[in-house]
Amino acid sequence: MAELDKQKTGEIYDPAASDIQELQLVCLEKMYDYNATRPKEFEKRQKIMKDMLAEVGEGCYIEPPLHANFGGHYLHFGDHVYANFNLTLVDDTDIYIGNNVMLAPNVVLTTTGHPVLPALRRHGLQFSMPIHIGDGCWLGAGVMVMPGITIGENSVIGAGSVVTHDIPANVVAVGNPCRVLREISERDREVYFKGRKIPQEVLAKYEAK
């Protein structure tokens, strides 16, 4: 099996193999072009992003700069995904992000790890496992998501968390390692921040959409 194919199977592989390096350079060139766009070049960014990423739905946007091993080549966006500044991807295999997901500044999504055995690490060998982030999730500033993780729909991951285990749907989770703090509840329809009430007209306008 080619080393490039092993990226998608979870097997140990050599990232310095020629087939991987050739593809990676092509992908990095596209990411360079995206990051070099000017703020007013919105349409140009959209065009490059659709060519750069594996999948892009409607209404998606990445604030430059984007940092990624493969320039987003294995990144799958649903609809209305927003990624703030300095999204960092170790995207040696697939990262699936659902609809209406928000990624705060300095989020890191890493699909790749290295064997603990020093003899293998000396040769730079690694493995890659896909990441899945469900619809409606919000990842706070500086969140790190490790290889093979699934985060369920609508869940909120608090700033600075390191996600080393799967997180279920409809919860608030925080910490290092990240743990479920509580479920999203009826109170979240009433209060949005430190006792501040959500105006009823805001609920009426947006909740049903």
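This report covers a helix pair and a sheet in a predicted model.

## Helices H2 and H3

Two packed helices are described by the angle between their axes and the distance between the axes. Here the pair is H2, residues 18–35, and H3, residues 42–52. Their packing angle is about 160°. The axes lie 9 Å apart. Angles over 145 degrees count as roughly antiparallel, and H2 and H3 are therefore roughly antiparallel to each other. Their crossing is left-handed.

Which residues make the contact? From H2 come Lys-30, Met-31, Asp-33 and Tyr-34. From H3 come Arg-45, Ile-48, Met-49, Asp-51 and Met-52. Five of the contact residues are nonpolar and four are charged. None is polar.

## The buried side of H3

H3 has these buried residues: Arg-45, Gln-46, Ile-48, Met-49 and Met-52. What do they pack against? Their partners are H2 and strand E1, residues 61–62. Arg-45, Ile-48, Met-49 and Met-52 are buried, and they also belong to the contact with H2.

## The four-stranded sheet

The sheet is open and has four strands. Their order is E3-E6-E11-E14, and the pairing is parallel.

Which strands stand at the edges? They are E3, residues 75–77, and E14, residues 150–151. Each has a single partner strand, so one side of each is left without a neighbour in the sheet.

For E14, the pairing with E11 can be followed residue by residue. E11 spans residues 131–133 and pairs with E14 in the parallel sense. Two bridges join these strands. His-132 stands opposite Thr-150 of E14.

Key
Residues are numbered from 1 along each chain as its sequence is written. This is a predicted model: local features need pLDDT of at least 70, side-chain atom pairs count only at pLDDT 80 or more; totals for chains, interfaces and linings use all residues. Side-chain values use heavy atoms; hydrogens and water are left out. Axes are lines fitted to C-alpha atoms, for helices over the stretch in contact, and angles run from 0 to 180 degrees between N-to-C directions. Angles under 35 degrees count as roughly parallel, over 145 as roughly antiparallel, 65 to 115 as roughly perpendicular and the rest as oblique. A crossing is left-handed if the near helix is turned anticlockwise from the far one by less than a right angle, and right-handed if clockwise. Contact means heavy atoms within 4.5 Å. Ala, Val, Leu, Ile, Met, Phe, Trp, Tyr, Cys and Pro count as nonpolar, Asp, Glu, Lys and Arg as charged, and the others, Gly among them, as polar. Two strands pair if DSSP finds at least two bridges between them. Buried means under 20% relative accessible area, exposed over 50%, partly exposed in between (1.4 Å probe, protein chains only).
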